[in-house]
Protein chains: 2
Amino acid sequence: MLTTHPARSLRCLLAVILLCLAFFATAAWARDESKATNFTLGNGMEVVVIPDHRAPIVTHMVWYKVGSADEPPGKSGIAHFFEHLMFKATSNHEAGEFDAAISAIGGNNNAFTSYDYTCFYEIVPPEALEEMMRFEADRMRNLVLDDRTIATEREVVLEERRSRVDNDPGAVLAEEVNATLWQNQPYRIPVIGWMHEIRQLNRADARAFYDRYYRPNNAILVVAGDVQPEAVRALAEKTYGQLERGPDLPPRVRPVEPEQNTRRTVTLTDARVGVPGFSTHWVVPSYRTAKPGEAEALDLLSEILGGGTRSRLYRELVVKQGIAASAGAGYQGNMLDDTEFSVYGAPRGTATLGEVEKAVGAEVARIAREGVSSEELERAKDRFVRATIFARDRQQAMANIYGSTLAIGGTIADVEQWPERIRGVTTEQVKAVAERYLRPARSTTGYLLPKPAAEN
Amino acid sequence: MLTTHPARSLRCLLAVILLCLAFFATAAWARDESKATNFTLGNGMEVVVIPDHRAPIVTHMVWYKVGSADEPPGKSGIAHFFEHLMFKATSNHEAGEFDAAISAIGGNNNAFTSYDYTCFYEIVPPEALEEMMRFEADRMRNLVLDDRTIATEREVVLEERRSRVDNDPGAVLAEEVNATLWQNQPYRIPVIGWMHEIRQLNRADARAFYDRYYRPNNAILVVAGDVQPEAVRALAEKTYGQLERGPDLPPRVRPVEPEQNTRRTVTLTDARVGVPGFSTHWVVPSYRTAKPGEAEALDLLSEILGGGTRSRLYRELVVKQGIAASAGAGYQGNMLDDTEFSVYGAPRGTATLGEVEKAVGAEVARIAREGVSSEELERAKDRFVRATIFARDRQQAMANIYGSTLAIGGTIADVEQWPERIRGVTTEQVKAVAERYLRPARSTTGYLLPKPAAEN
């Protein structure tokens, strides 16, 4: 009940982040009083405060710098397992007490796990902030990890996997495409974990993971809302500040990909599939691994090629040729290690999947060969930088962007300078990344196909 | 100079092993005096002695129960690196002294690395056995692992990788097919290591690996030849027996594969390719992971479907239809974890690769659907069990089969009872494994294609 499907929540979160990043160039962020401030507690816990005085609401988040890509080999799913275990009993509170306290004051809460981090948050009135901090600080160190809790919650996660992955051909395909695109880097492993490995997660695994990663010096507190930084600092010191610093963790250096020399495909044919579809993926740098300007250029390439209804893919395939029900592109830049760029499409009417794939390929080849026009690039920058988000989502989205950026080793300056860096991208840079990375002979394509009735 | 290309040496070794296994049913092995005996030294080192008095020659091998699949994440190539480092200086001998001593007595030596083990061997006159043991015991613990040696030998390995993998499109493809077939199990990682990871191997990595795995209690001594078990025991105690036992190692439990639900392809198009080819691979159990009878059935399935010129694939595609230059099947049963079954083919004359792949697929489908005849099965068993090997290879092959079986946790009884277990396989069992494992929708196929002159 308290969890979000990790793969989807990741994509969803990234969408929010992009929108949110765009927000920073708008008027609200020109005002100094809404600028983020940050400091570190004596035990190493980072704190970010983002004032937002429009309403008496506060978003309180704790980000742990650990995600599925940090799991030991053979222990897939343990990071996401904690997204569940953190809602169980501690030595001070029964399971459910924290939730009940939030419900009683009309707040809401949730948690999500990605490859690079795990986040827990509550949205409550400002006067409840100290209580939230007490609960959150308590579960950072005082979880009761007994065999019974582990066994029960493991069943819940297994059922989550069955219903969200194994019963969904698209999700099954996505996992195997991912593990074909990535052959060394841990992003190949599903965030929720593989069934046979989740089954074997035990108390010793949980204890080791908790003691290693759930420590103040591996956590970031983000508080956005109707609060003052000094008040937040005082509360944080009273609560989180009382926790003992954990052992220093080594740098997050993970195995990286070897060069890809082949074109790879992954095909799932399933009777449950209604409309066929495909997606092609390439390994590309992220904001954390790219040379200066490359990640920004990839973001704009993704926007121009396939970001929404004004993109080349949509206008050409969906609107003009009318052969596609959907077509687009995506770039997940906010990752600790190299990430992926993807394009996708699905046929409409009498068009075949092959026709759609060919047309998408033609647009990819054209943008790599001819680049983009200045006007097109400026319009994409404007869309990026001007995009606004619904007011009700804004506070949480702001907290998300700061939290996720810091959780992968970025800084507040990275967030604040992003619009400026986007503004600086040239047409040459966009062409260069398209040419360098979007090569058909070094790609990974997934096909989701309906099974003809006659086939076995 | 002293190394064998790991992937090829593995295949080669496995072929030798099969032939050798077959040999055990023949007359020579019915004689008790050639039966293997085994015992364990006080420091935990296992010893196997295989008498062979036909000639005054002895094969002396040390097998370490560590291969590339035991490497820490991000350290690919470290196991194979030791195949090189073990020929460098120790605190007692200069680099080259051991080789020179072997040459001086007209012996020969080599080493090879696989996914599951690393082996060093010398073939010498019996009177040199003690000297071999002294040298081999010395380098088990006294290697000088300094920065200069590491740096020099790392360059040698990098060059080996360049010449044997990166300059060979077939080898490049094989690596990526492997990493597409295996998405979790460490067999996905090349034995020689990925270029970018070999480059970073350093003295600390080497020291940790050496101290962990190069210990008497992680090694198996195999002595085959003109020797008596008691004499071998006495020499082994005088030499290896003086080494201190190392810390106990945990069981070799590695990540295993999730279920495969997709059909995967990997295509390499390269101007250097002359004749196109394909191979299709499936994850199947090995002798160590299979239910009783399954591995033996897979061995016979491989023999009937594609083992040489009497196999279905060869007779149908190469001889009868005349469309293939080559066609066959393979099963690598002697592995610690789940392994692979594969089929392959290449076109001849005006036939296309697609026609050959389709014809191979038809034979696979037919054997899964209709099974094999009793006569066909009996003939395959006979071929397996009667096959003999050239006399000059026999002693080393015998040592190989015992060493490799014990190195993956098998026993002498496993080796000795193998012909009997092969004899017991039924036609139903062969059909069952074909039907269960060789499913087109859950396969991984590699394509090696020539690049048309016009293409980029």
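The radius of gyration is taken over C-alpha atoms, and the globule rule is 2.2 Å times the number of residues to the power 0.38. The structure in these views is a predicted model.

**View 1. Overall dimensions of chain A.**
With 456 residues, chain A would have a radius of gyration near 23 Å if it were a compact globule; the value for chain A is 23 Å, which agrees with that rule. Along the principal axes, the C-alpha atoms of chain A fill a box of roughly 60 × 55 × 40 Å.

**View 2. Make-up and packing of chain A.**
Chain A contains 17 helices and 11 strands. Of its 456 residues, 52% count as buried. Among the contacts in chain A with a separation of 6 or more, 81% are between residues 24 or more positions apart.

**View 3. An open sheet in chain B.**
This sheet of chain B has 6 strands, in the order β1-β2-β6-β3-β5-β4, and its pairing is mixed. At its edges are β1 (37-40) and β4 (108-113) of chain B, each of which pairs on one side only. From one strand to the next, the twist averages 15°.

**View 4. Strands β3 and β5 of chain B.**
Within the sheet, β3 (residues 58-64) and β5 (residues 118-124) of chain B run antiparallel and are joined by 7 bridges. One residue pair to look for is Met61(B) and its bridge partner in β5(B), Tyr121(B).

**View 5. A helix across the sheet of chain B.**

**View 6. The contact between chains A and B.**
Chain B and chain A each give 26 residues to the contact. On the side of chain B that touches chain A, at least two residues come from each of α7 (169-181), α8 (195-198) and β7 (263-270) of chain B. The largest share of that side, 7 residues, is supplied by β7(B). By type, the residues on this side of chain B are 12 nonpolar, 10 polar and 4 charged.

**View 7. Strand pairing from chain to chain.**
Strand β7 (residues 263-270) of chain A pairs with β7(B) in the antiparallel sense, over 5 bridges. In this pairing, Arg263(A) has Thr267(B) of β7(B) as its bridge partner. Strand β7(B) is also the element that gives the largest share of the side of chain B that touches chain A.

Note on methods
Residues are numbered from 1 along each chain as its sequence is written. Chains are lettered from A and ligands numbered from 1 in the order in which they are written. This is a predicted model: local features need pLDDT of at least 70, side-chain atom pairs count only at pLDDT 80 or more; totals for chains, interfaces and linings use all residues. Two strands pair if DSSP finds at least two bridges between them. Helices (H or I, at least four residues) and strands (E, at least two) are DSSP runs, numbered from the N terminus. Axes are lines fitted to C-alpha atoms, for helices over the stretch in contact, and angles run from 0 to 180 degrees between N-to-C directions. Two residues are in contact if their C-beta atoms, placed from the backbone, lie within 7 Å. Ala, Val, Leu, Ile, Met, Phe, Trp, Tyr, Cys and Pro count as nonpolar, Asp, Glu, Lys and Arg as charged, and the others, Gly among them, as polar. A residue is buried if 20 or more other C-beta atoms lie within 10 Å of its own, exposed if 12 or fewer, and partly exposed in between; C-beta atoms are placed from the backbone.
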